[in-house]
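The structure comes first, and my entries follow.

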Amino acid sequence: MISPSRSKTWQKLASHYLNLHHNGTTISKLCKKDAQRFENHQVKIDGVLLDYSKNFVTPQTFSLLRELAKEAKLTDAIRAMFRGDKLNLSEDRAVLHVALRTPLKDADPRYNAEVNACLERMSDFVTKVHEGLWSGYSGLPIKNIVNIGIGGSDLGPAMVYAALQRWKVPHIDTHFVSNLDPAHMHECIDGLDPASTLFIVTSKSFKTLETRQNAELARKWFLNCGGSQEHLDKHFIAVTSNIEKACEFGIAQENIFPMWDWVGGRYSLWSAVGLSIALGLGMETFKQLLHGARIVDEHFRDAPLEANIPVIMGLQAVWYSDFVGANSQVVLPYSQELALFPAFLQQLEMESLGKSVELDGSRLLVPSGPIVWGSAGTNGQHSFHQFLHQGTHYIPADFIGVVAPPYPDDADQHTQLLANCFSQSQALMDGKSQKEAFHELVSQGMDEAQAYQLAKHKVIAGNKPSNTLLLDSLCPQTLGSLVAIYEHKVFVESVIWNINAFDQWGVELGKQLGEKLYTALSSADKCAAFDPSTNGLINYCRTKND
Ligand code: F6P
C-alpha cells in the first residue's frame with residue numbers, strides 16, 4: 001500500500017480544493033447548475049437510497065478521489081478482506097465479519113462451516129427459551145434476558161434491540177448492562193425475579209474488567225435472591241472466545257457460544273454476540289438483519305467504485321477530513337428508533353480510525369477519521385443544530401430518514417419528521433445571506449436601520465455538506481444494510497489512510513493504569529507513587545471515605 005500523502009493524486013486533490021474555494025463554488029450553485037444533480041448523485045440498493053447530491057463535490061472531485069482509491073489499491077483490499085487475508089496485521093488476524101452473513105466463495109470453507117454451526121446452535125437455543133423448554137431453576141419460563149458486555153459486546157446488540165422494538169418477542173424483555181458503575185446493574189436487576197432471568201455474559205476476551213465485575217455482581221444477586229450454585233447453569237451463559245476463563249467463572253462449557261479471533265468486537269453483532277437480539281426479537285429477525293448486511297456486502301464487493309455506497313461515503317469522508325479541513329462528522333437519524341445509532345457508530349468509526357501510524361508503523365502524516373457524534377432528530381434541532389448552522393466549525397452531516405411511517409396511524413406526524421429532516425439539510429446547504437435576512441425583516445415591518453443591524457446575526461453561511469440515507473422503511477433488513485454500509489465505509493477510509501481499522505491498542509494503557517490506581521485507592525496508606533495530581537485525587541477520596 002502507498003502512503004496517502006505520498007500518492008500522486010494527493011497534491012492534485014489539494015489544489016482542486018483550493019480552486020473550488022477560490023472560484024466561489026458552493027453546493028447550492030452546483031445544484032442550481034445541474035437539474036439532474038439528485039439523479040446523478042444517488043445510489044439505490046434494496047430498501048436503501050443514498051443521496052449524496054448535497055456535497056461539496058464536483059465530478060472532478062470524485063474522479064480524483066477514485067484515482068486515489070486506485071493508487072491505494074482499494075479494489076484489491078476489498079477482495080483480500082472477502083478472501084480472509086490477515087488484514088489485521090498488528091494482531092495477525094483475518095477480518096471476516098462478512099463471513100457471518102455472506103457464504104464466502106473465496107475464503108477457507110472452515111469459516112462457513114463454523115458460522116452455520118453457530119447459527120444452528122443459536123436457533124435451537126432461542127427456540128428452547130421461547131417455548132419454555134429452557135426454564136429457570138423453579139421451572140418458570142425465562143422472562144428477562146440481561147446481556148452483560150461492553151463496547152462491541154454491547155453497543156451493536158443494544159442499538160438493534162432498541163431500533164427494532166416493533167419486532168419484540170412479547171413475553172421476553174431484554175436488558176443491556178455495560179457500565180462499571182454498579183448503578184447500571186442495579187437499575188436493571190432490582191425488581192427482576194432471578195428464577196426467570198437469564199444472564200448472557202458477552203465478552204470476546206472474557207477479560208474485560210467491566211463485564212467481569214458486572215457478571216460477578218449478577219451472580220452475587222442471583223445467589224442472594226433465591227438461586228443456588230447448582231442453578232447457575234440455567235441462568236448464566238456466555239458468548240466468548242476464551243472458553244477457559246468462562247469456565248473458570250463457572251459457566252458450563254455446553255453453555256458457551258463461540259466468538260472467533262477473525263471477528264473484531266465492534267464488528268461482532270452478527271455473531272453469537274447477537275444472541276440477545278435473537279432472543280429478544282426472534283431468530284427470523286436476526287436472520288433478516290444478516291440478510292440486509294449481505295445485500296451490502298455483495299454490493300460493496302461487486303459494484304463499480306462510482307456506484308458503490310460505502311466507497312462513495314468513505315472517499316467523501318477522506319475528502320472532508322484531509323482536504324476541506326473537517327474534524328468532526330455529525331450523524332442525525334430522524335428516527336427515535338435509531339436513537340442509539342450515533343453511539344454505536346462512535347465505537348465503529350472512532351475505535352477503527354483513531355490511529356496515528358500507518359500499517360508499517362510509520363507516522364501517518366495526514367488527519368485520519370473525524371470525531372463522530374450526533375443524536376436523533378428532531379431533538380438535536382433544539383440543542384446543537386445552532387452550532388451546525390452558525391458555528392465556526394465545518395461539520396459534514398449524515399442524515400438518516402425513514403420513508404414509511406413506523407406507526408401508520410400517525411403518518412402525518414411522521415411526514416412532519418421527514419420535512420424537518422429535509423429542511424435541515426437544505427438549510428445547511430443554502431444558508432441565508434445578510435441581504436435575504438434584511439429583506440425578510442423589512443417585509444415583516446422592521447425599520448431599515450434596525451433590520452440592517454439584526455440581519456448580521458441572522459446570517460447562515462450555508463455550503464455545509466450532507467448525505468441523506470433514506471430507508472424505505474426501518475426493518476431488520478434495512479437496519480442490517482445500514483450498519484454494513486458504515487462498516488465498509490470505515491474500511492474504505494482505512495485503506496486510503498493505510499491504517500489498521502481492526503486493532504485498538506490505544507485502550508490498553510488506561511486499563512493498565514487503572515489496575516495500579518485501584519490498588520492505591522483501596523489502600524489505607526497515603527499515596528505518593530504517582531504524579532501530584534493523581535496522588536492528590538486519590539488522597540482526597542481516601543480522606544473523604546475514612
Ligand atoms: O477496550 C476496548 C474493547 O476491547 C473493544 O474493542 C471491545 O469491543 C470491548 O473492549 C469489549 O471487549 P470484550 O468483548 O473482549 O469484553
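I looked up strand β8 (residues 328-333) and found that β8 and β9 pair in the parallel sense over four bridges, where pairing requires that DSSP finds at least two bridges between the strands and a strand is a DSSP run of E with at least two residues, numbered from the N terminus. Across this pair, Val331 stands opposite Gly374 in β9.

I am working with a predicted model, in which local features need pLDDT of at least 70, side-chain atom pairs count only at pLDDT 80 or more, and totals for chains, interfaces and linings use all residues. Residues are numbered from 1 along each chain as its sequence is written, and side-chain values use heavy atoms, with hydrogens and water left out.

I then traced the open sheet, whose six strands run in the order β1-β2-β11-β10-β8-β9 with mixed pairing. β1 (42-45) and β9 (371-374) are at the edges with a single partner strand each, so one side of each has no neighbour in the sheet.

Turning to the ligand, I noted that 14 residues surround it, the closest being Gly152, Ser153, Ser203, Ser205 and Thr208 (near means that a heavy atom of the residue lies within 4 Å). For polar contacts (pairs of N or O atoms within 3.5 Å), I found an oxygen atom of the ligand 2.6 Å from a side-chain N or O atom of Ser205, one 2.8 Å from such an atom of Glu351, and one 3.2 Å from such an atom of Gln347.

Definitions and conventions: A polar contact is a pair of N or O atoms within 3.5 Å; within protein, one must be able to donate a hydrogen and the other to accept it, and residues adjacent in sequence count only if both atoms are side-chain atoms.
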